[in-house]
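Here is a friendly briefing to read alongside the model, grouped by topic. Keep the viewer open and follow the residues as they come up.

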Amino acid sequence: MTASPLSPSRSRWNRPLRSAGRMPTIGALAAVLAASLLACSSSDTSGGGGKVTLEFWTYTLKGGDPAAKAIVDRYHQEHPDVTIKLSEVGGTAETSSKLLAASKADDAPDVVQVEYRALPSLVVAGAVKDITKDVSGVKNDVDPNIWALTTFNKQVYGVPQDIGPMMFTYRKDLFDKYGVKVPTTWAEYANAAEQIHKKDPNAYIASFSASQLEFFAAQAAQAGAQWWSNDGKSWKVGIDSEESLKTADFWQDLVDRDLVKVEPLLTPEWNAQVNDGKILSWAAAAWAPSVIHSVAPETAGKWESAPLPQWTPGEAAVPFQGGSAYLVPAKSKHAKEAAEFAAWLGASSEGSKLLLDLDIYPGGDAGRKATLAHEPPKLMPQQKDFYQVADKVIKDTTIPVTWGPNVNVAQSAFSDALNTAALKKTSFRSVYTATQQAVVADLKKSGYTVTG
């Protein structure tokens, strides 16, 4: 499944696509899942008739947010027999475990927001309904490569909410001051890192945050690796593929030469260095400017965003980073109405435009189109073409990142070990190899066939 994966509680944190003409197949899940898929088919939808209350687990629509209230009120106006009850939940891991527990207790909500990377494991667990038929009326309102983020074996299990086209957000004023060109390749990025640190030994092009699994998966995908892939019969894991290991070598070199700051994102230290102009960029998704602005509002007007650097000069290859979808739990008591609400909010012209007011990048075509006339992010009010750049990334320069059913295992094996390797300057390759072994062992233990 496409990369959509990091972790503070806001959905934009845990958010990736592919280039036009290169439709991703989001790994047909293994044949052993057939029973689960059938059990969750759209023919099982319930509900219909009378007034209903839909419990909506979300971390984007917050009860005290006027924009969220306006969205819910609008839906109530159009559907007077449906009441939306917002319940704020955390990020991917918390929401998934909570949903599985609620399903076992026959106390599931009706609509749940999860990150794309969490969806495979929920489908495997039989916790998600197939809503293919329910969303057929809005199928043309979302680009096929975005629907692919929630589609398995041609069955749709969620309505895309938001997407994260990857970009390079940087301190334009300081790049200009130091005479550093905006990098278009990762080789140029390394050169820029060297120039910046030479000009100011206390300044770095970026921080190196080992906990950001999704970023490293996206890097590997950009280089031609597939951390998970499925042919409909078995899984293949490529975390230690040579393409993937080359990206590990790249970051090892920068860390070993002290050209990136080993520092987790959004710590008080990171925030201070961003404010002080000592961390000069962030390679992340189009949601990055709003995150930076939230911790460094005084730096607004000094930043810009550009296309993400490439491994191969002139090649357009950028995945999504993060993003989330609305799904209908298998045990929703009002599945029909829930799917209708999810389709309206994520895919309809009205709903996807309203999502813009939540400061996210909508997945629906109408919301995406509306961004083109939208004011740029507060961090870069002077960059009037911000959304045009982002939209070009979505249409022309995105690639798939497939997520497997045990992303949590990879996260556990990867992040702490990579952080230790960065601090002690030991082998990054060993971390990737150990993560590969842990993921493969877990898949086999769970009953999957693993090849390669």
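Thr60 is buried, with a relative accessible area of 4%; buried means under 20% relative accessible area, exposed over 50%, and partly exposed in between, using a 1.4 Å probe and protein chains only. The model is a predicted one, in which local features need pLDDT of at least 70 and side-chain atom pairs count only at pLDDT 80 or more, while totals for chains, interfaces and linings use all residues. Residues are numbered from 1 along each chain as its sequence is written, and side-chain values use heavy atoms, with hydrogens and water left out.

**Around Thr60**

- Thr60 sits in the loop between strand S1 (52–58) and helix H2 (66–78); helices (H or I, at least four residues) and strands (E, at least two) are DSSP runs, numbered from the N terminus.
- The side chain of Thr60 makes a polar contact of 3.4 Å with the side chain of Gln161. Such a contact is a pair of N or O atoms within 3.5 Å; within protein, one must be able to donate a hydrogen and the other to accept it, and residues adjacent in sequence count only if both atoms are side-chain atoms.

**Salt bridges**

- The count comes to 19 salt bridges, each being a side-chain nitrogen of Lys or Arg within 4 Å of a carboxyl oxygen of Asp or Glu.
- Within helix H2, Arg74 and Glu78 lie four residues apart, about one turn of the helix, and their side chains meet in a salt bridge of 3.0 Å, N to O.
- Arg74 is partly exposed at 32% relative accessibility, and Glu78 is partly exposed with a relative accessible area of 32%.
- Arg117 pairs with Glu115 in a salt bridge whose closest N and O atoms are 3.5 Å apart; Arg117 and Glu115 are both buried.
- Lys278 and Asp200 form a salt bridge, with 2.6 Å between the closest N and O atoms. Lys278 lies in the loop between helix H10 (268–275) and strand S11 (281–285), and Asp200 in the loop between helix H7 (186–199) and strand S7 (207–208), so the pair ties together parts that are 78 residues apart in sequence.
- Of this pair, Lys278 is partly exposed, with a relative accessible area of 26%, whereas Asp200 is buried at 11%.
- A network of salt bridges links Asp365, Arg368, Asp391 and Lys395.

**Helices H7 and H9**

- The axes of H7 and helix H9 (residues 242–256) come within 11 Å and cross at roughly 5 degrees; axes are lines fitted to C-alpha atoms, for helices over the stretch in contact, and angles run from 0 to 180 degrees between N-to-C directions.
- That makes H7 roughly parallel to H9, a label for angles under 35 degrees.
- Trp186, Tyr189 and Ala190 in H7 meet Phe250, Trp251 and Leu254 in H9, where contact means heavy atoms within 4.5 Å.
- By class, the contact of H7 with H9 has six nonpolar, no polar and no charged residues.

**Around Trp228**

- Trp228 belongs to strand S8 (residues 228–230) and is buried, with a relative accessible area of 1%.
- Leaving aside residues up to four places away in sequence, Trp228 touches several residues, among them Trp235, Val237, Trp403, Val407 and Leu443.
- The side chains of Trp228 and Asn406 are joined by a polar contact of 3.1 Å.
- Trp228 and Pro405 are 177 residues apart in sequence and 9.1 Å apart in space, C-alpha to C-alpha.

Terms used:
Angles under 35 degrees count as roughly parallel, over 145 as roughly antiparallel, 65 to 115 as roughly perpendicular and the rest as oblique. Ala, Val, Leu, Ile, Met, Phe, Trp, Tyr, Cys and Pro count as nonpolar, Asp, Glu, Lys and Arg as charged, and the others, Gly among them, as polar.
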